[in-house]
Structures are given as structure tokens and as C-alpha cells.
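Please keep the sequence and the coordinates at hand while reading.

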Amino acid sequence: MGNRTYNILFHTHTVSGIVISVALYVIFFAGSFSFFRDEIVNWERGHTVEDYDELSVDFNSVLKDLKKDHDLYGRDVELVHYFNERQIGVNISPSKDSLASGKAKTNSFFYLDTEDRFTQTYVESYSLGEFLYRLHFFAQVPYPYGYYLSGFVAFFFLFAILTGIIVHWKKIVSNFYLFRPMAKLKTMWTDAHTALGVIGFPFQFVYAVTGAYFMLKLLLVAPMVFGLYDGEEAELYKDLEYDHPSFAFQHTALPETPNINQFVATTKEKWQNFKVTEVHIFNYGDTGMHVSISGNMDRRAKMNGIGNIIYHAANKSPVEVKDPTEAASYLDGVKNMMFRLHFGDYAGYGLKLISFILGLISCFVIISGVMIWLVARDKKHIPEKRRKFNAAVVRYYLAICLSMFPVTALAFILVKINPAASMSFIYYAYFLSWLAFSVFLVLRKDDRFTNNFTLLSGSLLGFLVPITNGLLTGNWIWKSFSEDQTQIFLIDLLWLILSVISLLVYLKLRRGRTTKV
């Protein structure tokens with residue numbers, strides 16, 4: 001590689017990395033916790049879920065309860081499994097019956113607790129797990145700007161990691177095991193940045209590609225709609241199989257409501273290891289009523305097995321079948337694999353834990369890259385004014401990024417102290433404490449203090465997470481373990497491990513500084 005090419009790639013890597021560093025750190029830190037979004041929600045509510053990745057309810061009983069508050073005749077009723085929690089999504093369309101009145105003429109969406117049948121709106125059901133999940137793609141920023149921001153950060157991150165690998169390509173093997181903590185500061189940061197960057201490259205590449213795909217696909221869809229579909233957006237979504245079919249309303253009521261449980265049972269008998277994730281009822285209670293059962297094969301049986309069957313409710317015969325045991329189409333392969341790769345939910349808790357660790361390692365790679373940038377520009381030949389500016393930039397970067405650790409631990413404690421924590425409470429608690437920590441650390445003007453303070457405060461607050469849970473709910477970590485409350489136990493254990501590691505790192509840094517002095 002010529003010097004000119006090397007310099008272009010090197011500066012592309014540096015500039016793209018520095019520009020997106022803070023946003024990228026937030027994405028990876030919040031994204032790491034997002035792997036355990038469902039577990040955080042269940043920990044927060046004190047719930048335990050036994051059936052994963054499927055709707056496991058008495059559908060007839062649920063519909064009977066829904067009838068108490070909703071006139072379902074002539075309406076489409078959709079029951080959806082979104083996450084591994086007790087709540088399921090319920091979407092009820094406006095009635096097709098011209099004689100319908102009141103609420104039956106409007107759309108209703110809410111969450112239903114499958115055990116106590118309590119209903120909540122999205123805002124009412126908001127949780128810390130949902131907050132962290134949405135923070136990792138900046139959904140708190142008004143739509144669509146937050147989505148686009150996270151998408152472009154992912155896109156430029158792809159440039160950063162590809163140029164980084166090319167720049168270090170010749171020395172990947174020779175320097176892979178090379179780490180010189182006693183060498184000069186720039187060398188130490190470079191060794192850590194290079195080694196951990198190479199280790200995490202496959203993980204980071206997957207998340208750069210899938211993240212950019214999810215957040216920027218709207219920009220890709222727009223020219224396709226106008227260029228290939230003459231502005232008919234509905235036709236595109238139909239080809240992508242995002243829309244449900246429609247069935248004519250017959251204006252004649254059925255003598256009795258069909259047994260939805262039986263349709264689900266028939267489908268599961270037809271396809272062994274099939275997990276139902278959505279039940280969609282068209283024209284409820286009408287002779288034109290159809291029942292759609294959708295889901296996927298257990299991923300241990302078939303990784304990419306998307307299936308759907310639609311029954312005519314009156315005669316119980318299938319009118320449309322998509323067999324999940326057959327070879328998946330290219331469209332299903334792309335759509336499903338993009339989700340599975342990004343969420344890391346196809347190989348149990350082992351993969352989630354590995355993804356969590358690699359996410360935090362990526363955070364360290366980002367910080368070490370920023371420190372390399374600072375040390376490389378803290379030279380005597382560089383004007384004092386510019387050096388001060390560079391130091392100030394890094395000071396702000398470190399304060400904002402590193403304070404996320406104690407702030408997140410504090411948020412876990414606060415939502416447990418306040419079990420009725422609303423969306424606004426979580427927003428204020430997280431963002432105001434984040435602002436307070438960041439301002440305090442910026443005013444200290446000491447990067448070493450910032451690092452030590454966030455490690456120690458994050459560790460101490462992290463230890464308080466399982467303690468607070470035990471004191472307020474009685475779900476001590478040994479109790480949740482013995483009673484197989486997996487989700488609650490996992491979050492408490494995760495914070496204990498994080499707190500122990502960060503405390504050991506803090507003590508090691510303090511001891512090293514004392515010895516050096």
C-alpha cells in the first residue's frame with residue numbers, strides 16, 4: 001500500500017471515528033443492555049415468563065374478556081407477541097359494520113397482561129428496559145431525526161471499522177498478542193485499541209450493517225416507491241409481505257363464535273416445533289370471518305422457518321398456507337436474518353451474554369480511539385490553543401460517555417424504588433442525572449478523576465441494584481435462583497458481576513498510580 005493511500009485510509013478512519021464517537025458509544029452501551037431488554041422489564045415488574053418467543057394464552061378467554069369493553073363484531077382483532085414478557089399487544093381495527101357506533105368505529109391499541117388481564121397503553125406500560133432499548137437508536141429524539149442519526153452513525157461506523165482493518169492489516173498477526181501497558185501512553189492505548197478492535201471486528205461489522213439497514217431503509221424505500229411503484233407505497237409493502245390480506249365483510253353474524261384455541265392447536269399439530277407469535281382475526285363474528293395463525297419454527301429445529309396459515313372460520317378449512325418446514329424464500333431469509341443477527345436472540349442466553357461483553361468491549365475501543373487521538377495531538381509543536389481545545393473535546397467526550405455507567409445503575413435503583421415509574425419519570429431520572437454527572441465531571445477538568453469516579457460510583461451503585469431489589473420485593477438473588485425466576489436472577493447477577501469487575505479495575509488503577517508515585 002502506498003503512503004498516499006495509507007494516509008487517506010488512516011485519516012478517514014480517524015475523522016469518521018472521532019466525529020461519531022459519543023453517539024456511537026451511547027448506541028453500544030445502551031445496545032449492550034438492550035440484549036436483555038425483556039429480562040430488565042421482567043426484573044422491574046417482578047415477573048417471570050416461562051414460555052419464550054411465542055403466544056401462550058387461552059385465546060378464547062382473552063377474547064371473552066375483550067368483549068366486556070369492546071364491541072368486536074365486524075372488527076379485525078390482532079393478538080401479537082412482541083417481547084418475552086407477560087404483556088401482549090392487542091390491536092382492534094374499526095368495525096366494518098355500517099351500524100356500529102361509538103368506540104367500535106375507531107382503532108384501539110393497547111397491551112394486555114395475560115395473567116391479570118390488566119390493560120395499558122404504550123405510555124402506561126413504558127419501562128426502563130424499553131427506554132434503554134429505544135435509546136440505542138435515539139428514539140427519544142423526535143421522529144424521524146433520531147432514527148436517521150443512529151442510522152448514519154452506523155453507516156459511518158462501517159467506514160471506520162473497514163478502514164481500521166485495512167490500516168492495521170499487515171500487523172494484525174504480529175501485533176495481535178502485543179500489549180505493552182508499561183510503554184508510553186500512546187503505545188498502550190494503541191495496543192488496546194488495535195487488539196480489542198480486531199477481536200470485536202466481526203461483531204461490530206454485523207451491527208454496523210444491520211443498524212444502518214434498519215434505520216436508513218426508509219431512505220432506500222422512498223426512491224424505490226417512486227421509481228418502481230409509481231408512488232404506490234402500499235404495493236411495495238404488499239410485495240414485501242408486511243401487509244395482511246383483506247376479506248369481504250358479509251354483514252351476516254355467525255350463529256356461534258368459532259373456537260380460536262382449536263385453530264391454534266390444529267396449526268401446532270400440523271407443524272411440530274412451531275411457535276405461534278401472532279393471531280389475526282378478520283371480520284370477527286361475521287360469516288366472512290377468517291383466522292390467521294403466524295409464527296416460526298423453534299430456532300433449534302429450523303433457523304429460518306417463517307410460517308402462516310389462514311382458516312375460513314365457518315368451515316374451518318385453510319384458504320392460504322405458507323409452510324415453515326419448506327425452504328425459506330429469499331425475502332424471508334433477508335428480513336428474518338437481519339432481525340436475528342441484530343437482536344442476537346437465536347442461541348439463548350449464551351449468545352446474549354457474549355454479545356453484551358462484545359458491546360462493552362466496543363465501548364472501550366471507542367474510548368481508546370479517542371485517547372489515541374488526544375495523545376497524538378498533545379505535542380509541543382502543536383499550538384497551545386489547539387492543544388487546549390483538543391483536551392476540552394476529549395474531556396466532554398469522556399464525561400458524557402463514562403457517566404452512562406453510574407447513571408444506568410442509578411436508574412435501575414430508582415425504578416425499583418418507584419414501581420409506578422412512568423415514561424416521564426424515567427426520562428427525567430435518566431437524562432437529568434446524566435446531565436448532572438456530565439457537568440460535574442466536565443467542571444473537574446481531570447480525565448483521570450472522570451475515569452476513577454465513574455468506575456467507583458458505577459460499581460457502588462451497581463452493588464445496590466440487587467440489594468434494593470431484595471429489600472423492596474424480597475426477591476434476593478439466592479431466592480430468585482432457587483425459585484427459577486430466571487429473568488430476575490439474571491439481571492441481579494449481571495449487576496453484581498459488572499460491579500465486581502469495575503471495582504477491581506478501579507482498585508488496580510489506584511494501586512498502579514500509588515506505586516508509580
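Burial is stated here by relative accessible area: a residue is buried under 20%, exposed over 50% and partly exposed in between, with a 1.4 Å probe and protein chains only. By this rule, Asp113 counts as buried because its relative accessibility is 6%. The model is a predicted one, in which local features need pLDDT of at least 70 and side-chain atom pairs count only at pLDDT 80 or more, while totals for chains, interfaces and linings use all residues. Residues are numbered from 1 along each chain as its sequence is written, and side-chain values use heavy atoms, with hydrogens and water left out.

Helices (H or I, at least four residues) and strands (E, at least two) are DSSP runs numbered from the N terminus. The expected span of a helix is 1.5 Å times one less than its number of residues. Helix 13 covers residues 384–402, and its 19 residues reach 26 Å from the first C-alpha to the last, close to the expected 27 Å. Its buried residues include Asn390, Arg395, Tyr397 and Cys401. Helix 14 is mostly covered, with 11 of its 14 residues buried. Among them are Met404, Phe405, Phe412, Ile413 and Lys416. An α-helix has 3.6 residues a turn, so residues three or four places apart point the same way.

Helix 18 (residues 486–516) contains Leu494, a residue that counts as buried because its relative accessibility is 10%. Leu494 and Arg377 are separated by 117 residues in sequence and by 38 Å in space, C-alpha to C-alpha. A second pair, Asn273 and Val80, is 193 residues apart in sequence and 19 Å apart in space, again C-alpha to C-alpha. Asn273 lies in the loop between helix 10 (260–270) and strand 5, and it counts as partly exposed at 48% relative accessibility.

The surface patches come next. Patches are made of residues with over 30% relative accessible area and no salt bridge; like charges are joined within 9 Å, and nonpolar side chains (Val, Leu, Ile, Met, Phe, Trp, Tyr) within 5 Å. Phe152, Phe155, Phe156, Phe159 and Leu219 make a nonpolar surface patch of about 440 Å². Helix 5 (residues 145–167) gives the most to this patch, with 4 residues. Phe152 is found in helix 5 and counts as partly exposed because its relative accessibility is 37%.

A patch of negative charge on the surface gathers Asp230, Glu232, Glu235 and Asp239. For charge, Lys and Arg count as positive and Asp and Glu as negative, whereas His and the chain ends are not counted. The place of a charge is taken as NZ of Lys, CZ of Arg, CG of Asp or CD of Glu. Asp230 sits in the loop between helix 8 (201–228) and helix 9 (233–239), and its relative accessible area of 67% makes it exposed.

Side chains of opposite charge can pair when their charged atoms come close. A salt bridge is a side-chain nitrogen of Lys or Arg within 4 Å of a carboxyl oxygen of Asp or Glu. A search of the whole structure finds 19 salt bridges. In one of these, the closest N and O atoms of Asp65 and Arg117 are 2.5 Å apart. This pair links distant parts of the chain, 52 residues apart: Asp65 belongs to helix 3 (residues 59–69), and Arg117 to the loop between strand 3 (108–113) and strand 4 (119–120). Asp65 is partly exposed at 22%, and Arg117 is partly exposed at 24%.

Which residue meets Arg86 in a salt bridge? The partner is Asp113, at 3.0 Å from N to O. Arg86 lies in the loop between strand 1 (77–80) and strand 2 (87–92), and Asp113 in strand 3, 27 residues apart. Arg86 is buried, with a relative accessible area of 16%.

Asp298 and Lys275 form a further salt bridge, with their closest N and O atoms 3.9 Å apart. Asp298 is in the loop between strand 6 (290–297) and strand 7 (306–312), and Lys275 is in strand 5 (residues 274–282), 23 residues apart. Asp298 is buried at 13% relative accessible area, and Lys275 is buried at 15% relative accessibility. Finally, a network of salt bridges links Arg37, Asp38, Arg45, Glu85, Glu130 and Arg134.

Definitions and conventions
Accessible areas come from the Shrake-Rupley method with a 1.4 Å probe; for residues, only the protein chains shown count as cover.
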